[in-house]
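Please open the structure in a viewer and keep the selection panel at hand.

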Amino acid sequence: MNDAAISAALADACAHHRPVALRAGGVFSGMHRSVIDADELDLRSRRAIREYEPRDLTIAVECGMTAAQLEQTLREHRQFLPLDAPDAPQASVGGILAAAWSGPRRHRYGRPRDLLIGSEFALADGTLARAGGMVVKNVAGYDLSRLFVGSMGSLALLLRANFKTLPLPESTRIFLAALPDGTRERAFSQVRNLRPEPAAAWWIAGYDREIDGDPGDDGRIAILLECDNALLERATLDWRAALGRAGIPETRLLDAGAHASFTRLLDAPMRLPGNNALSYRSPSLPSQALALADGIADVIDRFDMQRDLLVDIMNGDVTVRAVGDAASFTHVVGMLDDALHDRAPRARILAGGGEVHDRLDCFGLLPNALAQMRALKARFDPHGILNPGIAFFDGLHA
Amino acid sequence: MLIERLIEALGAEAVKTSPEDLACYSFDAYSQGVLPSAVVLPSSAAQVSAVVKIARDLEEPIIARGSGTGLCGGAAPARAGVVLSFARMNQLIELDIENRRARIAPGLVNLQLSERIASTGFFYAPDPASQRASTIGGNIATNAGGPHCLAYGTTVNHVLALEIVDERGECFTTAVEDLGYDLTALLVGSEGTLGIVTSAWVRLLRIPPTTGVWLAAFPSIESASEAVSAIVGAGIVPTALEMMDATIVRAVESAYAAGYPADAAAVLLVESSGEPEEVASADAAIARIARAHGATKWQAATSAEQREALWRGRKGAAGAIGRIAPNYYTQDVCVPRTRLPEMLATVDDAAKQHGIVVGNVFHAGDGNLHPLLLYDKREKRQVAAVIEIGNIVLARAVELGGTISGEHGVGIEKRNGMSMVYRTEDLAAMANVRDLFDPHALLNPEKIFPSGISCREMRT
């Protein structure tokens, strides 16, 4: 389906007030509510590279392109985009932006939105428009490209995204360590102050099948080093010394397997064993992340559920997966959701929840600028054509 | 009525109405000679809110203003109104080193933030050349860049949250972490047309352990710009990659004795920061590329003083030009990095054709050019020539896939250039946002959008 066909489809839908559900990889579908009664517009075939000049370090792709395809294309030119998407073979660029997905490397390289330099989009009435361009600095006009980030496809349909790309690090190494009893806080502090700075770092409790590393009495850590070849060995010595000062006697290194291990870390929160499970992610300040993780753990323990925790040490995100008894899950998950939001008001569902998903609090604490968002939705999509019911700002679920 | 109500709300000492005061707040680097009705200096978000409510009641435009260092008239009144100066809202409100962030009031001068927190080992990355004077609020309004945004990104990449007073005088907040639309990004770079920033959380970065600064001299500006393309094309992103041509080098040497080779046709100033091994790698790789493109000199700054001197020369280039011409006009365009040689050739050809001397000093690594056109404003032919060259440069930048403003904003000066970059549909989508946030067109009116077309007329 080309741009003109999409434009025509939206114009027709708008003229007849017929809602449209935008469909891509579906990886982030757990992060919003289900679309209400709408015709599906499948964007998965829109995977072309629209412009790529490697020497400019910029690329423009259609938004149905998957994160894995994009990574492969860039890797051939020793470049990358730190999208950090879970399920990269399925996750589309449009989905990543619509969900405002941001991963563990954002403290180092920025979020996907930070690397977004322009876009082409279709408005609800089918009008094709664009913002930004293919230059890395551009302050001509409003940044509509980034405005659409986080819109869950409810404000406009992103057709093309332009990014600035980054040179691929020469070396990638993952450090895995089991934490002896009583070392977690010191490890957390040491990791935050490592030089060179980690590209990503996690404290992990659980996820024993999904994530590498042997569990310790106080959980385990995984740290990602991305650097020049010249720095690799000295950084390894320095990091091991720093972790030793935190009381961690041994670290295991992954080189050839680092990429696969990192991928498993990204995928883990979205991997659920069945319908009796739920994953949340709650943003927090790094200084408060461990306390929040403990609070969330207490809540889940009260419901006698199995839990896995993942704390993003550099950014403060706390991710938790709760798995309940298949027979009772549907009955208790609502109470769990309430209790969890009491402790972590900003927690957001990533995946799961089964048949009661849409009755749970998908979004957590709503933004202060809710009125502005609702007004934007009403202005850009007055007939509620785009992904109706998906979000908190279109009023349908308010 | 306006003045009385403002005095009642803020006190007489915070309201300026003398002709001299009004004149001082009527321009930045661009002026239409329009005086504001009043200038106010609020001390709090509540006072900003009060001013906005009064201005709205009386249908007076509201123009937020930092230090007035902009180039395009973004802080200059277009049709009278109340200028809101943030000179008294200049505090570092909260410093949270543990979480690498700071909350600032919009009037805080950019460089002062980094200077005040230097002892903590952190800094604020966006560094426009005006950073000694420009405010972070003004930087937010224009999404300001600077030499180091090559590696660190522009202001939008460093703003975490905003407190905004809207056109009704009501306060709301946005944060990058918020659910939903990225209003933070929308507001950054909106030049005070969607709301008025009254405080911001900004991101702080750790000061790198090692910084290397090098200077490369080239026999021609073409060879220097080709070296820039080759460096970036090789996947090397230094912290900064700046170019100066012979006109600028001579002016800077004359003014600052910065250590630039006065006989060079072009000079690249290169900075790389990070771990010592990374800086050494960058040194070797960039030197190799520079020499392969004809560099006649590759010189490292060996001390902090030398580094400082080289940067002082770069950041003071515009000031140094004042020694060789009574007036200069700075253009700001950005092109894809591989198109730099073509863009520079256009600038050179246009300047020669019109008999105008041009000095090029710019963020080469970003493809962000700043040709300085030297002229005497008393000479009508020169003024006309400079305007014509400016238009040629804008048109060529767009033709090469670039944009009409890389980091200085649109303001009044470039509003008609927006139609060169965007189609009516694109502008209408932006105007729809403008109309929503400012339905009475009182927030910094007659900026950004092309003249003769109002937001309402452009609404789809």
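## First stop: a covered strand and its partners

Select β6(A) together with strand β8 (residues 157-164) of chain A: the two pair in the antiparallel sense over 6 bridges. Strands pair here if DSSP finds at least two bridges between them; helices (H or I, at least four residues) and strands (E, at least two) are DSSP runs, numbered from the N terminus. The model is a predicted one, in which local features need pLDDT of at least 70 and side-chain atom pairs count only at pLDDT 80 or more, while totals for chains, interfaces and linings use all residues. Residues are numbered from 1 along each chain as its sequence is written, and chains are lettered from A and ligands numbered from 1 in the order in which they are written.

Within this pair, Phe121(A) stands opposite Leu158(A) in β8(A). β6(A) and β7(A) form a hairpin with 5 residues between them, and in the turn Gly126(A) has a positive phi of about 95 degrees.

Is strand β6 mostly covered or mostly uncovered? Strand β6 (residues 116-122) of chain A is mostly covered, with 7 of its 7 residues buried. A residue is buried if 20 or more other C-beta atoms lie within 10 Å of its own, exposed if 12 or fewer, and partly exposed in between, with C-beta atoms placed from the backbone.

## Second stop: the open sheet

Next, select the 8 strands of an open sheet in chain A, in the order β13-β10-β12-β11-β15-β16-β14-β17, with antiparallel pairing. Its edge strands, each pairing on one side only, are β13 (252-254) and β17 (348-352) of chain A. Neighbouring strands of this sheet are turned by 20 degrees against each other on average, direction ignored; for such angles, axes are lines fitted to C-alpha atoms, for helices over the stretch in contact, and angles run from 0 to 180 degrees between N-to-C directions.

The bridge partner of Ser282(A) in β16(A) is Val318(A). With β17(A), β14(A) pairs in the antiparallel sense over 4 bridges, and Tyr280(A) stands opposite Ile349(A) in β17(A). β17(A) is mostly covered: 5 of its 5 residues are buried.

Select Asn368(A), in the loop between β17 and α12 of chain A. Asn368(A) is partly exposed, with 17 other C-beta atoms within 10 Å. Not counting residues up to four places away in sequence, Asn368(A) touches Phe172(B) and Thr173(B). Two residues are in contact if their C-beta atoms, placed from the backbone, lie within 7 Å.

Now colour the two chains separately: 66 residues of chain B are in contact with 61 residues of chain A. The largest share of the side of chain B that touches chain A, 7 residues, comes from α16(B).

## Last stop: the core and the whole chains

Select Ile221(A), Leu84(B), Val267(B), Leu268(B) and Leu373(B), the residues with the most contacts inside the largest nonpolar core, which has 276 residues. Such a core is a set of buried Ala, Val, Leu, Ile, Met, Phe, Trp, Tyr and Cys residues joined through C-beta atoms within 7 Å. Helix α16 (residues 424-437) of chain B gives the largest share of this core, 7 residues.

Chain A has 12 helices and 17 strands, and buried residues make up 58% of its 398 residues. Chain B has 17 helices and 20 strands, and buried residues make up 57% of its 460 residues.
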